[in-house]
Amino acid sequence: VACSGGLDSTVLLHLLAKNGFHISAIHVNYSLRGEDSVLDEGFIRSFCADMNIPFTCRSIDLPEHLQSGGNLQQLARDIRYEWFEEITLKNKNHFVFLAHHLDDQVETFFLNLARKSGMMGLACMPFERNQILRPLLDFTKEELKEYALENKLTWREDKSNASNKYRRNLLRNEILPFLTTQIPE
C-alpha cells in the first residue's frame, strides 16, 4: 500500500489490514518539506508498527534532482511509479494499492479535459492496471473522512495541499467547490 500518511492512504492501509489482507506499506520521502517530511515518515512508520504492518521507505533528495530543471510533480510521480513497477516486476503476485478516490477522479477528469487529452484521458484512472489497484475510486473524500473518524484514525495533513500554486489544488480548493454550489445535484 503506497502511503503518504495523509487521510486517504491511512484509511486504505487501515481498511486492508482490518480486513485481513497480507500487506506492507511503502512510502517515498522526497525531502521536500523539511521537518514535515520527517514527521510524515515517522507517522507512517509508527502507524505500521502499531498495526504490525511491514514498512519500507525510499528516501529521495528531490530538490537535488530538480536543480537541472523539470516539473516537481511529474518527477515525483515518475519516481513513485518506477518504484511501483520495480515492486510488481519482482513478483507477479504482488499488487500496489493506491488510495485515489472519487474526488481525485473528478479532478483528473477536469485536468485532462483542460489538457485536451482525448477519450483515454477523460476515462481517468482505472481501478486496475499493471498490478496497480485503486479500490477507493467509488468513495468520496468525505466518506473516507467519516470512516477515519469512526475508527479514531489520525493522519498527517500536507500543508502544500492548501496552496493553489498547483492546478490540481486550484481545482480542488476553488473551482470544484464553486461548481458544486452553482450546479445542484
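Mentor: Let's start with contacts in this predicted model. Of the contacts in the protein chain with a separation of 6 or more, 67% are between residues 24 or more positions apart.

Trainee: How do you know whether the radius of gyration of the protein chain agrees with a compact globule?

Mentor: A compact globule of 185 residues would have a radius of gyration near 16 Å, and the protein chain has 17 Å, so the two agree.

Trainee: Why is D40 called buried?

Mentor: Buried means under 20% relative accessible area. D40 has 6%, so D40 counts as buried. D36, at 17%, therefore counts as buried too.

Trainee: What makes the contact of D40 and R156 a salt bridge?

Mentor: The cut-off is 4 Å between a side-chain nitrogen of Lys or Arg and a carboxyl oxygen of Asp or Glu. The N to O distance for D40 and R156 is 2.6 Å, so this pair qualifies. D40 lies in helix α2 and R156 in the loop between α7 and α8, so the pair ties together parts 116 residues apart in sequence.

Methods
Residues numbered from 1 in each chain as written. Predicted model: local features only at pLDDT ≥ 70, side-chain atom pairs only at ≥ 80, totals over all residues. Heavy atoms only, no water. Rg over C-alpha atoms; globule rule 2.2 N^0.38 Å. Contact = heavy atoms within 4.5 Å. Buried < 20%, exposed > 50% of the residue type's maximum accessible area, 1.4 Å probe, protein only. Helix = DSSP H or I, 4+ residues; strand = E, 2+ residues; numbered from the N terminus.
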